[in-house]
Amino acid sequence: LLLALQVRLVMKGHSFIRENVPRVLSSVKDKSGTVHIPRISQYLYFLFAPTLIYRDNYPRNPTIRWGYVATKFAQVLGSLFYAYYIFVRLCIPQFRNSSQETFNLRGLVLCIFNSILPGVLILFLVFFAFLHCWLNAFAEMLRFADRMFYK
């Protein structure tokens, strides 16, 4: 989790520098009197916004739909409980049974193959919970309107 946060901050820092350094260098080269440097509030908004592309201004919604935010956080919580249920019901019994037997390659392969489907389900749930629910909840709280970036 800490590594993912650091990677996100490095990517956001790279985007911020990549967007602003050419502007500053071109205004210095043109010897214009004004150099446009982003405000701290713009940078802080960018740090929390669910985007990796820096812009000075983003499209914003006029209001925050708190019911939508609560729904997304409830979906995150539901996804976590469902992933826990899958893990407890399908993964732990496989490894508990294999720990009581003597080690053999056949048992290891069977244990791995029996854990593939629950592992994929948990992976889908984590992606849904984070990429869809968590980021949309924070986008709504920040009134970030550009959620169709890839469309």
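Begin by selecting Glu-140 and Arg-65, which form a salt bridge whose closest N and O atoms are 3.0 Å apart. Glu-140 belongs to helix α4 (residues 105-141) while Arg-65 sits in the loop between α2 and α3, so this pair ties together parts of the chain that are 75 residues apart in sequence. The two partners can also be coloured by accessibility: Glu-140 counts as buried, at 0% relative accessibility, whereas Arg-65 is partly exposed, with a relative accessible area of 44%.

Before going further, keep in mind that this is a predicted model. The mean pLDDT of the protein chain is 87, with 95% of its residues reaching 70 or more.

Next, select Arg-55 together with Glu-19, a salt bridge in which the closest N and O atoms are 3.3 Å apart. Here, too, distant parts of the chain are linked, for Arg-55 lies in the loop between α2 and α3 (66-100) and Glu-19 in helix α1, 36 residues apart. Arg-55 is partly exposed, with a relative accessible area of 39%, and Glu-19 is likewise partly exposed, at 34%.

Now move to Asp-56 and Arg-23, whose side chains meet in a salt bridge at 2.5 Å, N to O. Asp-56 is in the loop between α2 and α3 and Arg-23 is in helix α1, so that the pair links parts of the chain 33 residues apart. Arg-23 counts as partly exposed, at 29% relative accessibility. The salt bridge count comes to three.

Stay with helix α1 and select Ser-15, which lies in this helix. Ser-15 is buried, with a relative accessible area of 10%. If its neighbours within four places in sequence are left aside, the residues in contact with Ser-15 are Phe-46, Leu-52, Ile-53 and Tyr-54.

Finally, colour the chain by domain, taking residues 1-57 as domain 1 and residues 59-150 as domain 2. The C-alpha centres of the two domains lie 31 Å apart. What joins domain 1 and domain 2 in contact? Seven residues of domain 1 are in contact with eight residues of domain 2, and the area buried between the domains is about 610 Å², of which carbon and sulfur atoms give 80%. No salt bridges are counted between domain 1 and domain 2, although two residue pairs are found in polar contact across their interface, both at pLDDT 80 or more.

How values were computed: Residues numbered from 1 in each chain as written. Heavy atoms only, no water. pLDDT = per-residue confidence, 0-100. Helix = DSSP H or I, 4+ residues; strand = E, 2+ residues; numbered from the N terminus. Buried < 20%, exposed > 50% of the residue type's maximum accessible area, 1.4 Å probe, protein only. Contact = heavy atoms within 4.5 Å. Domains from an automatic or database assignment. Buried area = accessible area lost by both parts, 1.4 Å probe. Salt bridge = Lys/Arg side-chain N within 4 Å of Asp/Glu carboxyl O. Polar contact = N/O pair within 3.5 Å; in protein donor to acceptor, adjacent residues only side chain to side chain.
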